[in-house]
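Got the model loaded and your selection tool ready? Let's walk through it stop by stop.

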Amino acid sequence: MWRILAEKMRSNTSLQRLFVVLLILFVTCESFPRDEVRALTAFKEAIYEDPLLVLSNWNTLDADPCEWNGVFCSFARDHVVRINITNSSIRGFLPPELGRITYLRELILHGNKLIGSIPKELGMLKSLKVLDLGVNQLTGPIPPEIASINGVTRINLQSNGLTGHLPPELGNLKYLEELRLDRNRLQGTIPAGGKSDFPSNVHGIHASSTNPTGLCQASQLKVADLSYNFFVGNIPKCLKYLPSTSFQGNCLRSKDPKQRSAKKCGGSPPAKTHQIFHPNHRPAKDVSDQHQEASKPAWLLALEIITGTMAGGLFLVAVLTAFQRWNSKSSIIIPWKKSASQNDYEAVYIDSELLKDVVRFSRQELEVACEDFSNIIGSSPDSLVYKGTMKGGSEIAVISLCVKEEYWTCYLELYFQKEVAELARLNHENTGKLLGYCRERSPFTRMLVFEYASNGTLYEHLHYGEGCQLSWTRRMKIIIGIARGLKYLHAEHDPPFTISELNSSAVYLTEDFSPKLVEFESWKSILARSKKNSGSIGSQGAICILPNSLERRHLNVQGNVYAFGVLLLEVLSGRLPYCKDRGCLVEWAKEFLELPEVTCCLVDPELKHFANEDLQIICEVISLCIHPEPTNRPSMQEVCSMLESKIDTSVSLEFKSSSLAWAALALSS
């Protein structure tokens, strides 16, 4: 009996323990740290392009993020310990709130399209072991606050656009084993740290604790890749003894022929080592100077003091005035997020180097050019397009972004700067030329100024214009012009420049029907996110609209190639890419593309004459471009070569096949 009673008691004890464990887990799940959820939410809000939808299940209303893609929690599901989102093409910024994920051990965002700077708040991640932000588009300096992550073992910031000097504080990371900073724009000398040329773990030599900080103090460092930057000076001897190092492609004093040439290094000699002065050490004055100073009359000494004080005061006023002017020009205080108090502001500093070669227009001169902004030639929920005429007579198109100041976060400002700089570097006869930008605080203004193309968009001519205006020869010229523009964007820019939404509305036509690719649509997604709405791209008429599956912007080179294939079909057939009545253009065209004898059914009925040889080439290019496997699609160099070599736009067969075709010659010239 006692044995049975004891067994029952043990059984009850086990049940009680199980109940306690389940209760703890339940309470833990209910009380997941809000700071961590807010930090992840801020990260999602800072990502404005997610082509692979990796963040699609990040439900910001869900208090438990442990099931979100790329988020890994502790065994007790009470903290986020790992974020791993690699090679997903997400584009956006790194929010400072990431520093609130206190127990995070790995932050891996390798191989994406992150822009902006590395927030110094990452230095608050005291539990972090791995920081991998490599192969992105990050800019700005490496924040020295990263050296506060005492336990980090691996830092990978390779293949970005980082600038500035290498923080010597990184030598304080006593557990750091791997440091990859290659393929950036870092400059200055490589901080060694003190007189010791050997790390403390080599040959039993210990670095003195009194030596200045530098990489030689990182006792566990095994891999250091600093190649393809702009470092000058000498390679620290201590780093030569590491198992794996690389310093090629710099401006170092080295016999290695793989260093950059003097021309690429700016032609300037390596930076000299600056002498370090101890604050308590002052150069001794000459004894005669001391006696001479002591023998000065009192009135002269008083006059010198008064004069020096006045000069110092004037200098201080000048410095403060200059600083105030610089601060008002080079930074803008904008809301971070609209809060109840509306007092949360963050300063966003304009990178003077980034926009130094771009013309900045005042709102007043654009208002005069655009007739008090009354000459509207286009509109959407996100922007207004005005036509204007400058004083010199040149015509301009002004795109004004429709966004309220309270929605304009620092992310949007940085994105605006980067896009202006990206658009300004385009210079080709088949791309729209950005003339400048306008950025003012009162009234809040963000505008882009482009060269005006007088003939409207290709979309308007295909679907609303007179069919006879776009003869076969003219369509072939437009197609080849678009291909040349894309070839320039993809092949002659590093990284390649892609059109975010390549369609007939992104192709503007000049007076002689020469096509110009214009990037207007890149703002839609990010502006929509800032307004917390779906941000639909808009319709092309009441009946035929673009469905959600086609609204996604083409974010890479292969996507642009596919979009070019769809655009060819649109130009060839005169049909919309998608229409509720007719369905998807690509699906409709597939049966004709696969049978050469019926490809003529693809041709726009408005076209009375066309060259069958050209048609076969166009159909071949379309089939290659819309291949379902992106890796099997051709490059725009190959596409352009096929079109230019096999299509003759100087003399068309349509003019040989009909006596009436000569009338079209005038329209095609």
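Start by selecting Ala147, which counts as buried at 10% relative accessibility. This is a predicted model, so keep that in mind as you click around. Ala147 sits in the loop between β8 (139-140) and β9 (154-156). Which residues does Ala147 touch, once you skip those up to four places away in sequence? Show Glu169, Leu170 and Leu173, and you have them.

Now hop to another alanine, Ala46, in helix α2 (residues 34-46). Buried or exposed? Ala46 is buried, with a relative accessible area of 2%. Leaving out neighbours within four places in sequence, Ala46 is in contact with Arg91, Gly92, Phe93, Pro95 and Tyr411.

Zoom out for a moment. The chain has 17 helices and 28 strands, and 46% of its 669 residues are buried. Of the contacts with a separation of 6 or more, 60% are between residues 24 or more positions apart. The chain exposes about 35,700 Å², with carbon and sulfur atoms supplying 54% of that area.

Next, a pair of helices. Select α9 (residues 472-491) and α15 (residues 636-646), whose axes come within 9 Å and cross at roughly 155 degrees. That angle makes α9 roughly antiparallel to α15. The crossing is left-handed. To see where they meet, show side chains on α9 for Ile479, Ile480, Ala483, Arg484, Leu486, Lys487, His490 and Ala491, and on α15 for Met636, Gln637, Cys640, Leu643 and Glu644. Colour this contact by class and you'll find 8 nonpolar, 2 polar and 3 charged residues.

For another pair, pick α12 (residues 557-573) and α13 (residues 585-593). How do their axes cross? They cross at roughly 75 degrees and come within 11 Å, so α12 and α13 are roughly perpendicular to each other. On α12, the contact uses Tyr562, Val566, Leu569, Glu570 and Ser573; on α13, look for Leu585, Val586, Trp588 and Ala589. By class, that contact has 7 nonpolar, 1 polar and 1 charged residues.

The last stops are about the backbone. Most residues other than glycine have a negative phi, and most peptide bonds are trans. Here are some spots to check against that.

- Select Ser442 and Pro443: a cis peptide bond joins them, with omega about -5 degrees. Pro443 is in the loop between β23 (434-440) and β24 (445-451).
- Go to Arg183, where phi is positive, near 60 degrees. Arg183 belongs to the loop between β11 (178-180) and β12 (187-189), and it is partly exposed, with a relative accessible area of 42%.
- Finish at Phe373, which also has a positive phi, near 55 degrees. You'll find Phe373 in the loop between α6 (363-369) and β20 (376-380). At 12% relative accessibility, Phe373 counts as buried, because the cut-off for buried is under 20%.

Note on methods. Residues numbered from 1 in each chain as written. Predicted model: local features only at pLDDT ≥ 70, side-chain atom pairs only at ≥ 80, totals over all residues. Heavy atoms only, no water. Axes fitted to C-alpha atoms, helices over the stretch in contact; angles between N-to-C directions. Helix = DSSP H or I, 4+ residues; strand = E, 2+ residues; numbered from the N terminus. Parallel < 35°, antiparallel > 145°, perpendicular 65-115°, else oblique. Left-handed = near helix turned anticlockwise from the far one by under 90°. Contact = heavy atoms within 4.5 Å. Nonpolar A, V, L, I, M, F, W, Y, C, P; charged D, E, K, R; others polar. Buried < 20%, exposed > 50% of the residue type's maximum accessible area, 1.4 Å probe, protein only. Areas by Shrake-Rupley, 256 points an atom, 1.4 Å probe, with all protein chains shown as cover.
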